[in-house]
Amino acid sequence: MLVAAPDPREVREASLDELSRLGLPLPPAKFPLVWEPGDEVELRPTGEIEARIAVLHLILARCFGMPAQTAMSWLLESHLVDMVTPPEWQFVVGGRGDHRSFVLHHDALFSLSWVLGLSKQLDPTVPVDERLVERMPYLAGGETFDQWRARILAAPQHPADAAALLDLHYCLDWAYLEVERSGHRLPGLVDANAIGQRRWALEWAVMLRGPYHDEPPGWEEVDLST
């Protein structure tokens with residue numbers, strides 16, 4: 001569903017108000033807007049987001065002991081091999097890659113679950129919901145991708161709401177890194193790595209359309225440098 005993006009200045013004002021409420025530093029006055037007036041926004045197709053959630057969940061299972069053969073069999077049976085990125089495939093098959101970076105994707109998974117309505121909130125001060133695993137594919141029980149999709153009955157967020165949360169996390173990412181650099185205390189139990197992962201997922205799931213936007217990036221192409 002492609003809709004008009006909300007006023008970016010009003011959204012940014014709300015984001016900065018939230019940073020102030022949390023006692024976080026505010027980004028500089030020239031900090032870029034995520035989109036421009038007149039742009040449009042939509043979410044990635046629900047099936048694509050569900051596939052990304054399933055792949056990330058499987059990779060986390062590999063991080064915590066799932067055998068490679070079991071993981072590969074599940075991907076094949078669920079017809080998700082094409083949704084796995086090359087670095088993810090190397091990790092699934094041979095355990096190659098940065099194990100810690102894959103574990104951090106737990107927060108990206110949480111963010112995507114919010115996009116599909118599987119988690120009620122994405123509070124920057126609160127860690128991943130402990131019950132999130134109950135909403136993921138039951139890999140140990142052999143639940144297939146299609147069976148999981150039928151069980152969860154995804155109810156995606158409105159694109160404008162997701163865009164507003166993306167803007168907030170764009171600002172939070174800057175603020176959390178600034179706080180950690182200065183050695184000050186963060187407002188909750190979530191660190192800058194977790195905020196960055198949540199932003200990563202939102203940057204991927206929220207597709208902005210307008211004259212200054214490129215085509216939506218692939219999962220490994222999401223740019224968090226600005």
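**Exercise 1. Overall dimensions**

What radius of gyration would a compact globule with 226 residues have, and what value does the protein chain have?

*Solution.* The structure is a predicted model, in which local features need pLDDT of at least 70, side-chain atom pairs count only at pLDDT 80 or more, and totals for chains, interfaces and linings use all residues. Residues are numbered from 1 along each chain as its sequence is written, and side-chain values use heavy atoms, with hydrogens and water left out.

Step 1. The radius of gyration is taken over C-alpha atoms, and the globule rule is 2.2 Å times the number of residues to the power 0.38.

Step 2. For 226 residues the rule gives a value near 17 Å; the protein chain has 18 Å, which agrees.

Step 3. Along the principal axes, the C-alpha atoms fill a box of roughly 50 × 40 × 30 Å.

Step 4. Of the 226 residues, 47% are buried, where buried means under 20% relative accessible area, exposed over 50% and partly exposed in between (1.4 Å probe, protein chains only).

**Exercise 2. Order of elements**

State how many helices and strands the protein chain has, and in which order they run.

*Solution.* Step 1. Helices (H or I, at least four residues) and strands (E, at least two) are DSSP runs, numbered from the N terminus.

Step 2. The chain comes to eight helices and three strands.

Step 3. Starting at the N terminus, the order is β-α-β-α-α-α-α-α-α-α-β.

Step 4. With contact defined as heavy atoms within 4.5 Å, 73% of the contacts between residues at least 6 apart in sequence join residues at least 24 apart.

**Exercise 3. Two helix pairs**

Describe the packing of α3 with α4 and of α2 with α6.

*Solution.* Step 1. Axes are lines fitted to C-alpha atoms, for helices over the stretch in contact, and angles run from 0 to 180 degrees between N-to-C directions.

Step 2. The axes of α3 (residues 68-77) and α4 (residues 86-94) come within 7 Å and cross at roughly 130°. Helix α3 is therefore oblique to α4; angles under 35 degrees count as roughly parallel, over 145 as roughly antiparallel, 65 to 115 as roughly perpendicular and the rest as oblique.

Step 3. In this pair, A68, A71, M72 and L75 of α3 meet W89, V92 and V93 of α4. The contact has seven nonpolar, no polar and no charged residues. Here Ala, Val, Leu, Ile, Met, Phe, Trp, Tyr, Cys and Pro count as nonpolar, Asp, Glu, Lys and Arg as charged, and the others, Gly among them, as polar.

Step 4. The axes of α2 (residues 46-63) and α6 (residues 145-152) come within 11 Å and cross at roughly 115°. On the α2 side, G47, E50, A51, I53 and A54 meet F145, W148, R149 and I152 of α6. By class, this contact has six nonpolar, one polar and two charged residues.

**Exercise 4. Individual residues**

Which residues do A160 and E203 contact beyond four places in sequence?

*Solution.* Step 1. A160, in α7 (residues 159-182), is buried at 17% relative accessibility and contacts V3, P6 and V41.

Step 2. E203, in α8 (residues 192-205), is buried at 19% and touches L166, Y170, V222 and L224.

Determine whether H79 and L153 are buried or exposed.

*Solution.* Step 1. H79, in the loop between α3 and α4, has a positive phi of about 55° and is exposed at 69%.

Step 2. L153, in the loop between α6 and α7, has a positive phi of about 50° and is exposed at 66%.
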